[in-house]
Amino acid sequence: DRIAVLLWVLGGFVCGAVGRPRWVWFQMLRDFALFVAMWFAYDYSRGVADQLGFPVNHTLPRDVDRFLFFGNDPNVWIQDKFYEASSVRWYDVVGSLIYFTHFCVPMGIAVALWARNRDRWVQYIRRLATVLFLGVATFVVFPAAPPWMVARDGGMDPIARPTVRGWTHLGLDTVSRVIERGREVVNPVAAVPSLHVAFSLIVVLFFAKQMPKWLRPIVVVFPASMMLTLVYFGEHFVFDGIL
């Protein structure tokens, strides 16, 4: 529910502006308007693609993955090894948590940076916006089906889409329902490139210089685990994550 998320972000911006001069409030509204434009451009890129007549690609990302993995589909392989339809494993729960960070970590950092140091916010949002709009441009000219859709349409062996069942296992059905409802309104063929991987990597790279050297190799686990999670859940091909 993009509207609800943006209202929470607006609340964070307002809290950051409380007690500041009036010009800061106008600046805050302008900055928030940019934030809104970014996310709605992402959500409605599918409609633009439909109007321009670009067909949805069902084969290229799958074929690249098969080339990289010697004729195997990594989504199918990893689910064959680890997915159990009748049992929620610990890595299913961890995967659901990792997947969900995409919806709160990049935005949460943006709100915190704006409230604390707008100059750093500008640096951060420029990087986020650049990647987002490059992604949106690609979604428009090259709409691509994710693995679960390719499998559903018979382009590869059947796979599950267990993205939210970790939340249900934790008793947090509300989170599962929110994610499922959000899927109904966002672009379902915005698979190439994977912004989940891109945003997790941006967060790591943006703060890397402020981290101790020993910590930098460790935090790379975040984007790496995001990519592994997306492949396991059938949300993205490896090719999408590499891009």
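A cavity is a set of grid points where a 1.4 Å probe fits but cannot get out. With that idea in hand, let us look at some close-up views of this predicted model.

**Figure 1. The largest cavity holds about 40 Å³ of space.** The count comes to one cavity of 30 Å³ or more. Sorted by class, the lining has six nonpolar and four polar residues, with no charged ones. Rolling a probe the size of a water molecule over the atoms is what shows where empty space is left.

**Figure 2. The second largest pocket has a volume of about 230 Å³.** Around this pocket you will find I78, F82, W90, Y91, V94, G95, I98, S225, L228, T229 and Y232. The elements giving two or more residues to the lining are α5 (74-82), α6 and α13. Which element gives the most to the lining of this pocket? It is α6, with five residues. The lining divides into eight nonpolar and three polar residues, and no charged residue takes part.

**Figure 3. The largest nonpolar core has 32 residues.** Look for F13, F35, W121 and Y124, the residues with the most contacts inside this core. At least two core residues come from each of α1 (2-17), α2 (22-43), α6, α7 (118-141) and α11. The biggest share belongs to α7, which gives ten residues. In soluble globular proteins, nonpolar side chains tend to be buried together.

**Figure 4. A closer look at F35 shows its contacts with L6, V9, M107, A110 and I125.** This list leaves aside the neighbours of F35 within four places in sequence. F35 is also among the residues with the most contacts inside the largest nonpolar core.

Figure 5. C15 is in no disulfide, and the nearest cysteine sulfur, that of C104, is 18 Å away.

Definitions and conventions:
Residues are numbered from 1 along each chain as its sequence is written. This is a predicted model: local features need pLDDT of at least 70, side-chain atom pairs count only at pLDDT 80 or more; totals for chains, interfaces and linings use all residues. Side-chain values use heavy atoms; hydrogens and water are left out. On a 1 Å grid over the protein atoms alone, a cavity is a set of points where a 1.4 Å probe fits but cannot get out, and a pocket is an open set with protein on both sides within 12 Å along at least five of seven lines; lining residues have an atom within 4 Å of a point. Grid points are joined across faces, edges and corners, and a volume is the space filled by probe spheres set on the points. Ala, Val, Leu, Ile, Met, Phe, Trp, Tyr, Cys and Pro count as nonpolar, Asp, Glu, Lys and Arg as charged, and the others, Gly among them, as polar. Helices (H or I, at least four residues) and strands (E, at least two) are DSSP runs, numbered from the N terminus. A disulfide is a pair of cysteine sulfur atoms within 2.5 Å. A nonpolar core is a set of buried Ala, Val, Leu, Ile, Met, Phe, Trp, Tyr and Cys residues joined through side-chain atoms within 4.5 Å. Buried means under 20% relative accessible area, exposed over 50%, partly exposed in between (1.4 Å probe, protein chains only). Contact means heavy atoms within 4.5 Å.
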